[in-house]
Amino acid sequence: MTLPPRIVLATLLMLLPKPSIALADGIAVAVPLSGPNAILGRQAVDGARAAVDGSSLPLADFDTGCERDAGREVAEKIVAARAEIAVGFLCTSALEGALPVLSAAGIPTLDIGARSDRILARREHGVGLIWRLAPGPGAEAAAVASFVRARWNGEPFGIVEDGSSYGSDLAEAVRGLLEAQGLRPTLVDNFRPAEEKQFGLARRIAQSGLRHVLVFGTRRDVAIVARDALDVNPGLQIASGESLLDEPGDVPLPDGVLTIASGFDVGWVPSETAPADEGYARIARIGTEIAIEALRRAKAENRTLKDLLDAETFVTSGGLVRFDAQGSADVVPFQTYRWQSDRFVTENQG
């Protein structure tokens, strides 16, 4: 039996995927909720939901993964769900896939995790409705250089790195910032990563007479360098960057090693209950608070979200936030943390 065309069409339409959530005047939280970054995505969702608690604004979460294609597919779902604004994106590749779709639909995006400047460069060509709350790519180097100026100014110091893209790029950026201020390292060295011992480097550091050294590499490699360098020179102060926040390996960090980091995951004691703003929850909460205020004012003042995000200052739980001309507003300050026993503590702890 042949079905009438209208019945065939209706049946096909019923089989097509439909958005499960209508978000008119609502907020989409786009973060990885599967794979190795899922725990960070769940932190962000918790923070966003805390921000809308008590508000009538609808909010829904979308799993971006960390791939460009997944980001594009999620953006299409966000558009279909009629969201007004998106908050999230921890991975640059997912954001790059999503941004053209969201921008074409007129949906602004508040980036809480992806740091690449090339994302913001899209704004210059009018093809990116993107505002960044995450620290910029140069923020880590600037924070480490600021630490050296404040703590080691006038003292000889060294910079050593593991030859990786992360280690060598960070070392070069820090060195450039310091030399522009007239601070030159006494020792510049490198080491072969993934070695079980680093006594050769440890002896070179000791022979230089240094009491302060920056070591850039993976957490495990920094732990090995620190262990062996402190064995040769017990009074040495060792500092590093955000790589020390990676998962602990089989080589423990010696007590006293410092990290200069944005502090997403180091502000609480692991043996205690995690705080409400654990990890990415804090910056997601701030981003969602901005989204809520922008949506409210857009309706009340008959203005576009773009105009508000470009021009206004927002009151958030993290303080006042205003985006610069490039669309950037770093809201997570870098701090110095010290490894003590089994965790990082702020320097006024312990």
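User: How many bridges join β8 to strand β9 (residues 237–240)?

Analyst: This is a predicted model, in which local features need pLDDT of at least 70 and side-chain atom pairs count only at pLDDT 80 or more, while totals for chains, interfaces and linings use all residues. Residues are numbered from 1 along each chain as its sequence is written, and side-chain values use heavy atoms, with hydrogens and water left out. Strands (DSSP runs of E, at least two residues) and helices (runs of H or I, at least four residues) are numbered from the N terminus, and two strands pair if DSSP finds at least two bridges between them. Strands β8 and β9 run parallel, with L214 standing opposite A239 in β9, and the number of bridges joining them is three.

User: Which residue in β8 is the bridge partner of V160?

Analyst: Strand β6 (residues 158–161) also pairs with β8 in the parallel sense, over four bridges. Within β8, the residue bridged to V160 is V215.

User: How many residues of strand β8 (residues 212–216) are buried?

Analyst: In a regular strand, side chains alternate between the two faces of the sheet. In β8, H212, L214 and F216 point one way and V213 and V215 the other, and all are buried. Buried means under 20% relative accessible area, exposed over 50% and partly exposed in between, with a 1.4 Å probe and protein chains only. The strand is mostly covered, the buried count being five of five.

User: Which residue in β5 is the bridge partner of T109?

Analyst: Strand β4 (residues 109–111) pairs with β5 in the parallel sense over three bridges. The partner of T109 in β5 is I130.

User: What distance separates the C-alpha atoms of G319 and I286?

Analyst: G319 belongs to strand β12 (residues 319–322) and is partly exposed, with a relative accessible area of 27%. G319 and I286 are 33 residues apart along the chain, and their C-alpha atoms are separated by 8.9 Å.

User: How are α8 and α9 oriented to each other?

Analyst: Helix α8 (residues 199–207) and helix α9 (residues 219–232) have axes 8 Å apart and pack at an angle of about 45°. Angles under 35 degrees count as roughly parallel, over 145 as roughly antiparallel, 65 to 115 as roughly perpendicular and the rest as oblique. The contact brings F199, L201, A202 and A206 in α8 against V225, D228, A229, D231 and V232 in α9. The two helices are therefore oblique.

User: What is the hand of the crossing of α6 and α7?

Analyst: The axes of helix α6 (residues 139–151) and helix α7 (residues 165–180) come within 9 Å and cross at roughly 50°. A crossing is left-handed if the near helix is turned anticlockwise from the far one by less than a right angle, and right-handed if clockwise. The crossing of α6 and α7 is right-handed.

User: By class, how many residues in the contact of α6 with α7 are nonpolar?

Analyst: E140, A141, A142, V144, A145, V148 and R149 in α6 meet Y166, L170, A173, V174, L177 and L178 in α7. Ala, Val, Leu, Ile, Met, Phe, Trp, Tyr, Cys and Pro count as nonpolar, Asp, Glu, Lys and Arg as charged, and the others, Gly among them, as polar. The contact has two charged and no polar residues, and its nonpolar residues number 11.

Note on methods. Axes fitted to C-alpha atoms, helices over the stretch in contact; angles between N-to-C directions. Contact = heavy atoms within 4.5 Å.
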